[in-house]
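Biologist: Hi! I'm new to this one, could you walk me through it?
Modeller: Happy to, let's bring it up on screen.

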Amino acid sequence: MKLFSAILSVAAVVAAHGDHDHNQEPIEGPLEGLWYNTLPGDGGTQADSVFSGISTFGRIGYHPCLTSSAVKFDIADPNNPIGAPFDTGTSYRPGARFGPSGIRQGSRRLNLYGGYNVPLQANPFNSWAKVIDCGDIPVTSYDNAYALQQIEEGHHSLLSRAPATDANKPGPSKKGKTLPRLITLGGDHTITLPLLRSINREYGPVSVIHFDSHLDTWKPKVFGGSPSHQASINHGTYFFHAAQEGLLANDSNIHAGIRTTLSGPSDYENDGYCGFEIVEAREIDKIGTDGIIKKIRDRVGTEKPVYLSIDIDTLDPAFAPATGTPETGGWSTRELRTIVRGLEGINLIATDIVEVAPAYDTNAELTTMAAADVLYEVMTLMVKRGPLSVMGKQDEPLELK
């Protein structure tokens, strides 16, 4: 039996394309005019009722991208950011293997009214970018080493493809190419290690923005005891391994939302050795969301490629109870969305969202909706930034539809 990794492919730049809706065939019959209509106003489409049909992220078009190398996109969204329903690296509550499907379910009403993002003044579902849901990466639940290899290879297969937009223009990859953006849905946070390995193959070391309540840079002997090499790789140690493997750009990485307990002060010292700066959750009480945003932007800058990793436990359990290792004292959904919007202009090349375990959610789907909404903000940022071919340029953003 296989688990499936979700992959939200975003080609070229991180962008969402309205083509997905237009490509769907209307249902034939006397009532075909009721389906897939163009919305009045400024455009956009709506696929029948958002509570019906097969769930894809935001009801965008679906294609199992790993079955065909001919599929092109600008942003890929398998199981909502690159999906990897893998949870055998977790230390407390399992269940994040169902995160990709849960986030898709929570995203169903994102374009109920057309998808226009009012604060960011853009529509990720109706833009220059072609955004599709690429489905899931097959991931075994019986062998962690093999599962992580599956995730890396599946992700890299999509990342290394030519995007739908600006494929022939120079970009920021090591080979000077423009690549698509990928959003991956987890899965526990262990999946970020194979994703960074995939990113490294195309970009080299990258800066990381890490939203989480935990450091995830613990030494394996401290977190889990490291009884074997494979046991040393888990959702609390993957950044330690990433630093050891040279996947992180030196001293340009940052955590935000931290409020975990520690084995002692040496955990923070080790975190510094791994190349991270720490923004604790409680700092928002003194410096507000604007202060948090400034610290992040000052750390990573706006010129280099940046990888964004979001653990849903950044949010307080009051807003996101369905997660593997909840910590009270976190941010609200509104605060996190505001901070994410503040990342506009940063060169996000890929994203993951992890640790959504729907079995612990409320009947109202608070956690999966929160995860979907945060990704909606990320997708909008990618669309506004334009294809990765414009990275580093001071030109005006690509004109949106």
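**A walk through the model**

Modeller: Let's begin with α4, a helix that is mostly covered, with 10 of its 12 residues buried. Keep in mind that this is a predicted model.

Biologist: Which residues of α4 are buried?

Modeller: They are Thr 192, Leu 193, Pro 194, Leu 195, Leu 196, Ser 198, Ile 199, Asn 200, Glu 202 and Tyr 203.

Biologist: How far does α4 reach from its first C-alpha to its last?

Modeller: Helix α4 covers residues 192-203 and reaches 15 Å, close to the 16 Å expected. Just after α4 comes Gly 204, which takes a positive phi of about 80°.

Biologist: Let me step back for a second. How many helices and strands does the protein chain have?

Modeller: The chain comes to 9 helices and 12 strands. It has 401 residues, and buried ones make up 60% of them.

Biologist: Back to the neighbours, then. What about α3, which residues there are buried?

Modeller: Among them are Asn 144, Ala 147, Leu 148, Ile 151, His 155 and Leu 159. Helix α3 has 16 residues and reaches 22 Å from first C-alpha to last, close to the 22 Å expected.

Biologist: What caps the N-terminal end of α3?

Modeller: That's Asp 143, with a side-chain oxygen 3.1 Å from the backbone nitrogen of Ala 145.

Biologist: What does the side chain of His 189 make a polar contact with?

Modeller: With the side chain of Asp 216, at 3.4 Å. Leaving aside neighbours within four places in sequence, His 189 is also in contact with residues including His 210, Asp 212, His 235, Asp 311 and Glu 355.

Biologist: Changing topic: how do α2 and α9 cross?

Modeller: Their axes come within 7 Å and cross at roughly 75°. Angles of 65 to 115 degrees count as roughly perpendicular, so that is how α2 and α9 are described.

Biologist: Which residues meet there?

Modeller: From α2, Gly 102, Ile 103 and Gly 106 meet Thr 368, Met 369, Ala 371, Ala 372 and Leu 375 in α9. The residues of this contact divide into 5 nonpolar, 3 polar and no charged.

Biologist: Where is Ser 127, and what does its side chain reach?

Modeller: Ser 127 is in the loop between α2 (99-106) and β5 (131-132). Its side chain reaches the backbone nitrogen of Ala 129 at 3.1 Å. Ser 127 is buried too, with a relative accessible area of 0%.

Biologist: One last stop, Asn 270. Which helix does it lie in?

Modeller: Asn 270 lies in α6, residues 266-273, and is buried with a relative accessible area of 8%. The side chain of Asn 270 reaches the backbone oxygen of Thr 217 at 2.7 Å.

Biologist: What else is Asn 270 in contact with, leaving aside its neighbours within four places in sequence?

Modeller: Besides Thr 217, there are Trp 218, Lys 219 and Phe 240. Asn 270 and Lys 219 are 51 residues apart in sequence, yet 7.9 Å apart in space, C-alpha to C-alpha.

Technical notes:
Residues are numbered from 1 along each chain as its sequence is written. This is a predicted model: local features need pLDDT of at least 70, side-chain atom pairs count only at pLDDT 80 or more; totals for chains, interfaces and linings use all residues. Side-chain values use heavy atoms; hydrogens and water are left out. Helices (H or I, at least four residues) and strands (E, at least two) are DSSP runs, numbered from the N terminus. The expected span of a helix is 1.5 Å times one less than its number of residues. Buried means under 20% relative accessible area, exposed over 50%, partly exposed in between (1.4 Å probe, protein chains only). A polar contact is a pair of N or O atoms within 3.5 Å; within protein, one must be able to donate a hydrogen and the other to accept it, and residues adjacent in sequence count only if both atoms are side-chain atoms. Axes are lines fitted to C-alpha atoms, for helices over the stretch in contact, and angles run from 0 to 180 degrees between N-to-C directions. Angles under 35 degrees count as roughly parallel, over 145 as roughly antiparallel, 65 to 115 as roughly perpendicular and the rest as oblique. Contact means heavy atoms within 4.5 Å. Ala, Val, Leu, Ile, Met, Phe, Trp, Tyr, Cys and Pro count as nonpolar, Asp, Glu, Lys and Arg as charged, and the others, Gly among them, as polar.
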